[in-house]
Amino acid sequence: MWQWLKRLFGGARAVEPEPQVWNFRIKGGRAEIGAVNDALERAAMAGEVPEPAMRAMQVALDELLTNAIMHGDVSLNDPMQVDLIVAKGALRAVVSHAGTPFDPTKTEHRPDLEGNLEDREIGGLGLHLVREMMDEFSYEFANGRNVLRVGKRF
Amino acid sequence: MALDIASETHGETRVLRLSGRLDTETSADFELAAHDLTAAGEKRFVVDLSGISYVSSAGLRVLLSLGKQLSGNGGTLGLCGLSESVRQVFDLSGFSRLFNISADLSAALGGAPVSSGPALGQAAASLLGAADKPSAPAAAPPPAVGRQAADLLGAKPAAKAGFFARILAWLKGQ
């Protein structure tokens, strides 16, 4: 009887879902960034990620991957890697590349958000959006690669 | 979806309806489309963003550039149809107060009747007495809606239902 009850309640207990992970490799084309974000949309929808978290992550990935391609001197022979992770209550991404070491979490530049239309410049806005829209944003240089981690909780 | 640009005129105003993403990959397409029109002398623009899923800084850069150009030559640029996510990007970047932003295309065109598109369909439906029927949404519903619907329909707590069903079955069996 006890064993039977244990089996009944044990079976009914909610099982913590395993994080789902998707891996991508990017050689440096702009279209590849869009393709990753389209895949993110499909993955997020399959993982029941709320739309605001998904959209915020799409913006963050567009900014981080673009920065790496534009300024990181990413080699075509050593593609960037992107891991998308849909976990319980959080959407995360790990971007790694062997380009020029650069820690975007330490940038001093803060964009001017107050100027009028004529005076406004766009520089620095991308990383500003990542900082503001992500709940987690960290960087390390490990094994010769820049490793960026961003996360959005929901 | 990458980016689809539908172009139409309403009187003196050029309306560009964008659908898809406005990001690093696609913003150049929008920039070129706008450039072709400004080069042809057009000065009054409304950009309808209701079909846009997200805007990154690359998209903001093109909107800023177009806004500066039109402001400098006596033109106008109105934006409308910003989703919640797009609005957040505008707010965080200080763009919300740089542009004339309207809720929808009809408002962006100064409340004038729109000669085509969803507003006309809604007006026609209203005249035909169909206004109280649910109309087709302008944009695809967010994925969470499906889950909420599933919750409402009792589809989500399937495991719990199974558990209680088993208890009930067990009690009935006693």
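Guide: What follows is a talk about how the two chains meet and about some of the residues in them. This is a predicted model, in which local features need pLDDT of at least 70, side-chain atom pairs count only at pLDDT 80 or more, and totals for chains, interfaces and linings use all residues. Residues are numbered from 1 along each chain as its sequence is written, chains are lettered from A and ligands numbered from 1 in the order in which they are written, and side-chain values use heavy atoms, with hydrogens and water left out.

Visitor: Okay, how many residues of chain A are in contact with chain B?

Guide: On the chain A side there are 40 residues in contact with 36 residues of chain B, where contact means heavy atoms within 4.5 Å.

Visitor: And what is the area buried between them?

Guide: It is about 3,300 Å², and carbon and sulfur atoms give 62% of that; buried area is the accessible area (1.4 Å probe) that two parts lose on being put together, summed over both.

Visitor: How many salt bridges cross the interface?

Guide: The rule finds 2 salt bridges across the interface of chain A and chain B, a salt bridge being a side-chain nitrogen of Lys or Arg within 4 Å of a carboxyl oxygen of Asp or Glu. The side chains of A:E114 and B:R97 meet in a salt bridge, at 3.7 Å from N to O.

Visitor: Which helices of chain A supply residues to that side?

Guide: At least two residues each come from α1 (2-12), α2 (30-46), α3 (51-71) and α4 (125-133) of chain A, and α3(A) gives the most, with 9 residues. Helices (H or I, at least four residues) and strands (E, at least two) are DSSP runs, numbered from the N terminus.

Visitor: Let's pick one residue. Where is B:T24 found?

Guide: B:T24 is in the loop between β2 (13-22) and α1 (27-39) of chain B.

Visitor: Is B:T24 buried or exposed?

Guide: B:T24 is buried, as its relative accessible area is 9%; buried means under 20% relative accessible area, exposed over 50%, and partly exposed in between (1.4 Å probe, protein chains only).

Visitor: What does its side chain make a polar contact with?

Guide: The side chain of B:T24 makes a polar contact of 2.7 Å with the side chain of A:D62, and another polar contact, also given as 2.7 Å, joins the side chains of B:T24 and A:T66. A polar contact is a pair of N or O atoms within 3.5 Å; within protein, one must be able to donate a hydrogen and the other to accept it, and residues adjacent in sequence count only if both atoms are side-chain atoms.

Visitor: Switching to chain A, what does A:R55 form a salt bridge with?

Guide: A:R55 forms a salt bridge with A:E41, the closest N and O atoms being 3.0 Å apart. This pair links distant parts of the chain, with A:R55 in helix α3 and A:E41 in helix α2 of chain A, 14 residues apart. The side chains of A:E51 and A:R55 also meet in a salt bridge, at 2.9 Å from N to O, and both residues lie in helix α3 of chain A, 4 residues apart, about one turn of the helix.

Visitor: Which of those count as buried?

Guide: A:R55 counts as buried at 6% relative accessibility, and A:E51 counts as buried at 18%, whereas A:E41 is partly exposed at 21%.
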